[in-house]
Amino acid sequence: MDATSDLSTLVERCRAGDALAWEAFVRQVQGRLFALAYSYTGHREDARDLAQEIFVRLYEARGQWPSGGEFLPWLFRVARNRSVDYLRRRSVRRPAVTVDEAEIVELPDPAPGAEAQAIAADRRGLLHTALRGLSAINREIVVLRDVHGLDVKQVASILGIPLGTVKSRASRARVELAERVLALSRGRGDA
Amino acid sequence: MSGITCDQIRAATLDPGASPRDWTGLPEAAAHVRRCAACQDWLEAFATGEQAWTSVPAGDFTDQVIARTAGLEAVLRDLPRLADMDPGLGFTERVLRATIMKPSPVGWRAGASGAWRALVRRPRFAWEAAYVATLCWVLVFGNPVGAIEWSRSNIGAVARERLGPPVRELRSDLESWRAALKPEPASARGIPAGAQADPAPPVLRAWQAAAEWVRGAATSAAAAFSTAWERIVEWFARVFGEPSTAPTEPPAGPARSS
């Protein structure tokens, strides 16, 4: 059973009120939702709070979950709306512009060796920092499109902007991101 | 199949010896790009940056292209790795506590019942209940001594009001009962004074004696009941207030001695 059908099964069981399925669902998607929340907050503890809020919202609405291929875009839409609400509420405490790379807990890297893992973690830290430098809409497009792999139509639907805007902004945002990463690398003597 | 792969297109883009425009004119590469969304995105991004790169001095152009495209490639390769982050220890349990382990809302009856049980189980509940009761008494009745006086007079009034009508009715019944049981005098039966009535047959005499005895016993019982009632009313009046004369007065005199 692949991940997609596994998730579809979990979704159906959760809709039916299966508590064990809900726990399995949380374990399966918590990494993705936490990563998405982190891309909005830029702060680890805030991202945990936000991810928990998203899960509570999902749990409360589990009777209305869409099924099949509509679920993941819907999930991201809910997460995105919740994140925007969260940032609005926390506007007095603005998210950090720079990311503390030390606080990023990385998943185990498939590359063997501590050095390779450290390089990979460093690389991801650079990417996070560079992402924080993008404008909010460009960052959202890159995160949804390139990080989480949604297609442009889904991204346009989630963000509520025209398809063409997503396409053009996505290209510019990628180049801008690459430039920022290179600049950060040079600044740290990695270039 | 054109035989061109994504890696070849990207390698061609990064080839410092080739102009970025040379390879895109190849029919095979164009056919591949038409079918491959990833390469379309790549070229779109490349084209977006190309306009800026044209302003770069000729000597640095190749280096700039290499740096930018290499950076872009690396970014596109690395971005999906950001899709999954470990939220840390205890996050799953935290979410489960906030969702599935959260106590479900209960009805007000069950909630009140549970709250009452929890309250009663507290060791100091008796003291607290006594305190609350005393507080309520003082708040409602004010000064305790005055409250007792007030209660006595009011309870007496209530007793008189409630007990008065049935007592009057009972007294009326008793009087009529007494009148019915009272033996008729001989003159009332037409027998002259000093004259001896005809002796009745023995059976009749025995019957009359029995009737007399029953009559006397009933009269005595009625008198005893009346006396007891009188004492009860007097006790009520003494305890709860002024005696109620009219309605609770027991039947008087002559019947009592009969």
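**One glutamine and its surroundings**

A: Let's begin with A:Gln30, which is found in helix H2 of chain A; helices here (H or I, at least four residues) and strands (E, at least two) are DSSP runs, numbered from the N terminus. Keep in mind that this is a predicted model, where local features need pLDDT of at least 70 and side-chain atom pairs count only at pLDDT 80 or more, while totals for chains, interfaces and linings use all residues. As for bookkeeping, residues are numbered from 1 along each chain as its sequence is written, chains are lettered from A and ligands numbered from 1 in the order in which they are written, and side-chain values use heavy atoms, with hydrogens and water left out.

A:Gln30 is buried, at a relative accessible area of 13% (buried is under 20%, exposed over 50%, partly exposed in between, using a 1.4 Å probe and protein chains only). Leaving aside residues up to four places away in sequence, A:Gln30 touches A:Phe55 along with B:Pro87, B:Phe91 and B:Thr92; contact means heavy atoms within 4.5 Å.

Now step back to the whole meeting place. There, 46 residues of chain A are in contact with 33 residues of chain B. The two chains bury about 3,700 Å² between them, 64% of it on carbon and sulfur atoms; that buried area is the accessible area (1.4 Å probe) that two parts lose on being put together, summed over both.

What about charges? Chain A and chain B share three salt bridges, each a side-chain nitrogen of Lys or Arg within 4 Å of a carboxyl oxygen of Asp or Glu. B:Arg94 forms a salt bridge with A:Glu45, their closest N and O atoms being 3.4 Å apart.

On chain A's side, the elements giving two or more residues are helix H2 (19–41), helix H3 (44–60), helix H5 (114–133), helix H6 (136–147) and helix H8 (163–187). The largest share, 12 residues, comes from H8(A). By type, this side of chain A divides into 22 nonpolar, seven polar and 17 charged residues (Ala, Val, Leu, Ile, Met, Phe, Trp, Tyr, Cys and Pro count as nonpolar, Asp, Glu, Lys and Arg as charged, and the others, Gly among them, as polar).

And the partner? Chain B has 11 helices and zero strands. Of its 258 residues, 26% count as buried.
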